Amino acid sequence: MMIVSRIMFRLRRNQTGLLNSQLFDEHSFYKAMSADIKTARQSILIESPFITVRRSKEISILFRKVIKKDIDIVIHTRNPNYHDINKIQAIQGIELLKASGAKVLVFDDMRHRKLAIIDDRILWEGSLNMLSHSNSREIMRRSVSEDMCKEMLQCLI
């Protein structure tokens, strides 16, 4: 009973703090995410387990513009040594992201989360690898909620 009460409290708190929530597919995601990156005011955190050169080149163009506005960009990704086929892609993609001014943190814990937090108020979460997506069918939810962003950040610790 105690656990149920805690979960219900969290849900109520999130629903109260939720300003906007929309679903995007692999076709509509990048345009919406790019708009959020362009309008960021303080920080961008992206967690994507896989990175490719193609996606890194695309997003690096946006990052260079945003970093000129003194916005912190941090990328969390899986250690490329855990990739069999795409190891070289990941290493080269990480170098491109770093060259654009993003801080890239590499983790050995086999993380597989796909999310972004912008200005601690916009949360993107779902199945799409933002830094490597190619041909698969995916979905991402964009939510505007400081509470949901705080909750997600606590899970990332």
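Modeller: We'll go through the sheet, the cores and the cysteines. This is a predicted model: local features need pLDDT of at least 70, side-chain atom pairs count only at pLDDT 80 or more, and totals for chains, interfaces and linings use all residues. Residues are numbered from 1 along each chain as its sequence is written, and side-chain values use heavy atoms, leaving out hydrogens and water.

Colleague: What's the strand order in the sheet?
Modeller: β1-β7-β6-β5-β2-β3-β4, open, with mixed pairing. Strands are DSSP E runs of at least two residues, helices H or I runs of at least four, numbered from the N terminus. Two strands pair if DSSP finds at least two bridges between them.

Colleague: Which strands sit at the edges?
Modeller: β1 (20-25) and β4 (103-107).

Colleague: And how do β2 and β5 run?
Modeller: Antiparallel, joined by 4 bridges. Glutamate 47 stands opposite leucine 115 in β5.

Colleague: Switching to packing. How many residues are in the largest nonpolar core?
Modeller: 30, with Phe29, Ile44 and Trp124 among those with the most contacts inside it. Such a core is a set of buried Ala, Val, Leu, Ile, Met, Phe, Trp, Tyr and Cys residues joined through side-chain atoms within 4.5 Å. Helix α2 gives the largest share, 5 residues.

Colleague: Is cysteine 149 buried or exposed?
Modeller: Buried, because its relative accessibility is 0%. The cut-offs are under 20% for buried, over 50% for exposed, partly exposed in between (1.4 Å probe, protein chains only). Cysteine 155 is at 51%, so it counts as exposed.

Colleague: How many disulfides?
Modeller: 0, taking a pair of cysteine sulfur atoms within 2.5 Å as the rule.
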